[in-house]
Amino acid sequence: MKKTWILNFSVFFLHIFTSSKALDVTQYGANGDGVTDDSQAFLKAWEAVCSGTGDGQLIVPAGMTFVLQPLKFQGSCKSTPIVVQILGNMVASSRGNWEGDKDQWILFSDIEGLVVEGNGVINGQGSSWWEHKGSSRPTALKFKSCNNLRLSGLTHVDSAKAHIHINNCNGVSISNLRINAPESSPNTDGIDVAASSNVIIQDCVIATGDDCIAINSGTSNIRVCGIDCGPGHGISIGSLGKDGETASVEDICVQNCNFRGTTNGARIKTWPGGSGYARRITFSGITLDNVENPIIIDQHYNNGGSEKNTDDKSSAVEVSKVVYSNFVGTSKSEYGVDFRCSTAVPCTEIFMKDVRIETPSSGSGQVAQGQCLNVRGVSTLAVPGLECLALSTDMLSSAELPEQTCMLPQPSVQPSTRPMQDPFWVYGSGGKPHRVFDVVLTSFIFVVLYMY
């Protein structure tokens with residue numbers, strides 16, 4: 001009798017403490033069979049978790065494929081943070097079956113403390129769109145006005161256009177992503193950042209048909225590190241200043257990145273006729289492997305090319321305080337450094353040090369050449385050397401400042417989330433969270449049963 005009472009009591013507490021409140025999209029009718037449109041089920045699940053059901057956690061389960069039309073996950077939400085665990089496959093409808101918005105496929109907007117993580121796959125089904133290059137094509141995953149955002153662990157493939165777009169967000173951490181699209185796929189940027197601040201992008205492998213990472217206007221305090229880029233168009237600041245835009249980009253650090261077979265490495269690109277600035281930018285610790293334009297500033301950018309006519313318009317985005325340090329590797333072309341700046345607004349305080357770029361065509365390690373137009377700055381221990389960059393003690397001190405700022409510890413942008421940071425949470429099968437306390441309690445119950 002005593003043993004039966006203890007058993008019932010133990011089962012009762014086990015049920016109370018180990019039951020997970022996390023919501024699963026299949027609870028709301030998602031089939032995950034790779035054929036059925038599961039869009040409405042996802043929206044219902046989001047409505048529930050955003051309203052406070054499910055302890056702020058939503059799971060896309062492993063081993064299933066969910067076909068989805070364009071989705072908008074809108075805040076603000078009662079639960080903070082919101083944790084979306086993607087463990088299965090999310091697949092966009094093909095162009096022929098597309099319904100609704102062509103700006104983006106999946107949009108998260110106005111959500112504080114959002115976490116999107118997991119080992120699942122986000123497949124944009126872009127091949128049906130790429131041949132229609134001139135028409136509207138959707139970005140696969142967009143975050144708008146989502147402060148304290150974390151995105152990690154996922155694989156992103158074959159977006160119709162850009163894979164990930166960050167807009168008007170403050171405090172963003174992006175890490176451990178794999179982004180893949182064919183080298184020939186048009187405009188398939190890996191990660192685009194615009195109008196955002198305090199962003200860290202780290203430890204990602206990106207291979208696309210366009211920029212691996214593009215940092216656009218309105219951005220500040222952006223740190224990019226540990227990126228393996230290629231194929232693709234490199235890591236770009238811009239393009240900036242299109243249609244007379246007034247651009248602002250500052251305090252950008254790109255560190256410890258590899259470029260493999262890319263068309264560009266470290267690139268800054270601005271349109272003639274723009275205004276504003278791109279300043280305090282550092283590229284450091286860069287490895288190059290057969291990169292066509294390893295270091296390039298182009299103030300004559302024109303939709304993927306450079307204006308052949310270098311007669312400047314009266315204005316340009318001012319490029320200044322740019323540091324290139326610790327570059328090593330090979331250039332596919334004869335030019336390892338190419339600075340093409342505006343006559344009206346020259347590039348100033350451009351600093352190169354510890355740079356050695358060779359051409360792969362010569363077994364003896366023939367160094368690449370450099371060319372420059374309307375550039376002022378400093379060069380030390382840099383190959384190729386540039387006549388426009390002369391050693392100047394006064395300029396040296398000011399040009400070092402951006403790199404020193406870059407090396408300082410960055411402000412923490414990690415959102416406070418229970419599943420990733422609180423030691424009282426662990427994950428069980430299917431990605432459902434359980435508290436460590438629950439595990440301890442379960443063990444205790446088994447011990448009690450064994451004793452009796």
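**Close-up views of a predicted model**

**View 1. Lys-133 sits in the loop between helix H3 (127-130) and strand E11 (139-144).** In this predicted model, Lys-133 has a relative accessible area of 53% and is therefore exposed, the cut-off for that class being over 50%. Leaving aside residues up to four places away in sequence, Lys-133 touches Pro-186 and Asn-187. The C-alpha atoms of Lys-133 and Ser-185 are separated by 9.3 Å, although the two residues are 52 apart along the chain.

**View 2. The largest pocket lies between domain 1 (32-128 + 136-179) and domain 2 (211-304 + 317-409), because both domains give residues to its lining.** The volume of this pocket is about 1,200 Å³, and 43 residues line it, with Asn-187, Asp-210, Ser-239, Lys-269 and Tyr-301 lying nearest its centre. Elements that give two or more residues to the lining include strand E11 (139-144), strand E17 (191-194), strand E21 (235-240) and strand E23 (264-270), together with strand E25 (293-298) and strand E27 (305-306). Sorted by class, the lining of the largest pocket comprises 19 polar, 16 charged and 8 nonpolar residues.

**View 3. The largest nonpolar core has 96 residues.** Helix H2 (residues 39-50) gives the most to this core, supplying 7 residues, while domain 1 (32-128 + 136-179) and domain 2 (211-304 + 317-409) each provide at least three. The residues with the most contacts inside the core are Trp-46, Phe-108, Phe-143, Tyr-324 and Phe-339. When residues up to four places away in sequence are not counted, Tyr-324 touches Phe-339 and a series of others, among them Ala-266, Ile-268, Phe-283, Ile-295, Ile-297, Ile-350, Phe-351, Met-352 and Val-355, as well as Lys-353.

**View 4. The largest cavity, one of 3 cavities of 30 Å³ or more in the structure, holds about 60 Å³ of space.** Its lining is formed by Phe-42, Trp-46, Leu-58, Val-60, Phe-73, Val-84, Ile-86, Met-90 and Phe-108, and by class this amounts to 9 nonpolar residues, with no polar and no charged ones. Helix H2, strand E3 (57-60) and strand E6 (82-86) each supply at least two residues of this lining. Trp-46 and Phe-108, which line the largest cavity, are also among the residues with the most contacts inside the largest nonpolar core.

**View 5. The second largest cavity contains about 40 Å³ of space.** Lining this cavity are Ala-92, Trp-98, Trp-105, Gly-124, Pro-138, Thr-139, Ala-140, Ser-159 and Ala-160. By class, the lining of the second largest cavity has 6 nonpolar and 3 polar residues, and no charged residues.

Conventions
Residues numbered from 1 in each chain as written. Predicted model: local features only at pLDDT ≥ 70, side-chain atom pairs only at ≥ 80, totals over all residues. Heavy atoms only, no water. Core = buried A, V, L, I, M, F, W, Y, C linked by side-chain atoms within 4.5 Å. Buried < 20%, exposed > 50% of the residue type's maximum accessible area, 1.4 Å probe, protein only. Helix = DSSP H or I, 4+ residues; strand = E, 2+ residues; numbered from the N terminus. Domains from an automatic or database assignment. Contact = heavy atoms within 4.5 Å. 1 Å grid on protein atoms, 1.4 Å probe; cavity = no way out; pocket = protein on both sides within 12 Å on 5 of 7 lines; lining within 4 Å. Points joined across faces, edges and corners; volume = space filled by probe spheres on them. Nonpolar A, V, L, I, M, F, W, Y, C, P; charged D, E, K, R; others polar.
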